[in-house]
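This briefing is for a reader who is new to the structure shown below. Please look at the sequence and the model first, then go through the notes by topic.

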Amino acid sequence: MNRQSFVSIVLGGLFLLNSGSSSADEITRNKTPGSDFPIAQSVQVPAESELIFVSGAVPKPIVVGGDPDDPATYGDTEAQTVSVLKEVQSRLQRLGLDMGDVVMMRAFLVGTPETDGRMDFAGFMRGYTQFFGTAEQPHLPARSALQIAGLVRAGWFVEIEVTAARTP
């Protein structure tokens with residue numbers, strides 16, 4: 001075998017390896033089998049990706065000058081979830097990303113008087129599904145939703161942190 005034939009074989013083999021690995025460069029979101037619940041069971045991120053960790057965001061007041069410890073200043077769980085996710089979206093956009101780039105979410109929820117001290121998961125989901133699993137933004141993150149004892153402000157029911165990924 002001459003040098004030119006050897007080089008051709010090696011380059012052809014490299015081409016075949018690279019052509020088969022294009023899907024390895026994409027983020028893969030695995031739904032829960034048999035479920036239409038709007039979260040991914042798992043998300044696979046290729047090694048070359050850049051991970052962006054976004055600190056927890058909290059709701060903005062809907063009542064200007066309201067008592068910061070009064071939940072009415074921030075709204076119910078749904079309103080707070082929408083407020084928080086708009087802030088997350090804004091932070092991501094400043095980095096050239098969007099909600100479709102979120103691969104992991106942790107939602108910290110506080111019990112509400114309306115739900116007898118339990119987290120208002122239904123209210124959270126009404127806010128969440130405005131941003132994830134829609135026709136405009138179908139990408140679902142892996143996610144945890146946890147009830148916690150409280151947040152820094154007594155009026156806050158929701159804090160959300162996310163991890164986003166940017167593929168090369």
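A search of the whole structure finds 5 aromatic pairs, where rings of Phe, Tyr and Trp (its six-membered ring) pair if their centres lie within 6.5 Å, and planes under 30 degrees apart count as stacked, over 60 as edge-to-face and the rest as tilted. This is a predicted model, in which local features need pLDDT of at least 70 and side-chain atom pairs count only at pLDDT 80 or more, while totals for chains, interfaces and linings use all residues. Residues are numbered from 1 along each chain as its sequence is written, and side-chain values use heavy atoms, with hydrogens and water left out.

**Aromatic rings**

- Phenylalanine 37 and phenylalanine 121 form a stacked pair, with 6.4 Å centre to centre and 15° between the planes.
- This pair links distant parts of the chain, 84 residues apart: phenylalanine 37 is in the loop between strand E1 (28–31) and strand E2 (40–44), and phenylalanine 121 is in helix H3 (residues 121–128).
- Helices (H or I, at least four residues) and strands (E, at least two) are DSSP runs, numbered from the N terminus.
- Phenylalanine 37 has a relative accessible area of 34% and is therefore partly exposed, a class between buried (under 20%) and exposed (over 50%), using a 1.4 Å probe and protein chains only.
- Phenylalanine 121 also counts as partly exposed, because its relative accessibility is 29%.
- Ring pairs join Phe37, Phe121, Phe124, Tyr128 and Phe132 into a cluster.
- Arginine 143 lies over the face of tyrosine 128, at 4.5 Å from the ring centre; a charge sits over a ring if NZ of Lys or CZ of Arg is within 6 Å of the ring centre and within 35 degrees of the ring normal.

**Helix H3 and its surroundings**

- Two packed helices are described by the angle between their axes and the distance between the axes.
- Helix H2 (residues 77–94) packs with H3 at an angle of about 40°, and their axes are 7 Å apart; axes are lines fitted to C-alpha atoms, for helices over the stretch in contact, and angles run from 0 to 180 degrees between N-to-C directions.
- The contact (heavy atoms within 4.5 Å) is made by Thr77, Glu78, Thr81, Val82 and Leu85 of H2 and by Gly123, Phe124, Arg126, Gly127 and Tyr128 of H3.
- The buried residues of H3 are covered by elements including H2, strand E4 (102–110), strand E5 (142–148) and strand E6 (158–166).
- Gly123, Phe124, Met125, Gly127 and Tyr128 are buried in H3.

- Phenylalanine 108 is found in strand E4 and counts as buried because its relative accessibility is 18%.
- Not counting residues up to four places away in sequence, phenylalanine 108 touches Leu146, Ile148, Leu151, Phe157, Val158, Glu159 and Glu161.
- The C-alpha atoms of phenylalanine 108 and methionine 119 are separated by 9.3 Å, with the two residues 11 apart along the chain.
- Aspartate 116 lies in the loop between E4 and H3, and its relative accessible area is 72%, so it is exposed.
- Most residues other than glycine have a negative phi.
- Aspartate 116, although not a glycine, has a positive phi of about 55°.

**Threonine 167**

- Threonine 167 is in the segment after E6 and counts as partly exposed, at 32% relative accessibility.
- Threonine 167 touches Asp25, Ile27, Pro46 and Ser49, not counting residues up to four places away in sequence.
- Threonine 167 and leucine 51 are 116 residues apart along the chain, and their C-alpha atoms are separated by 8.8 Å.
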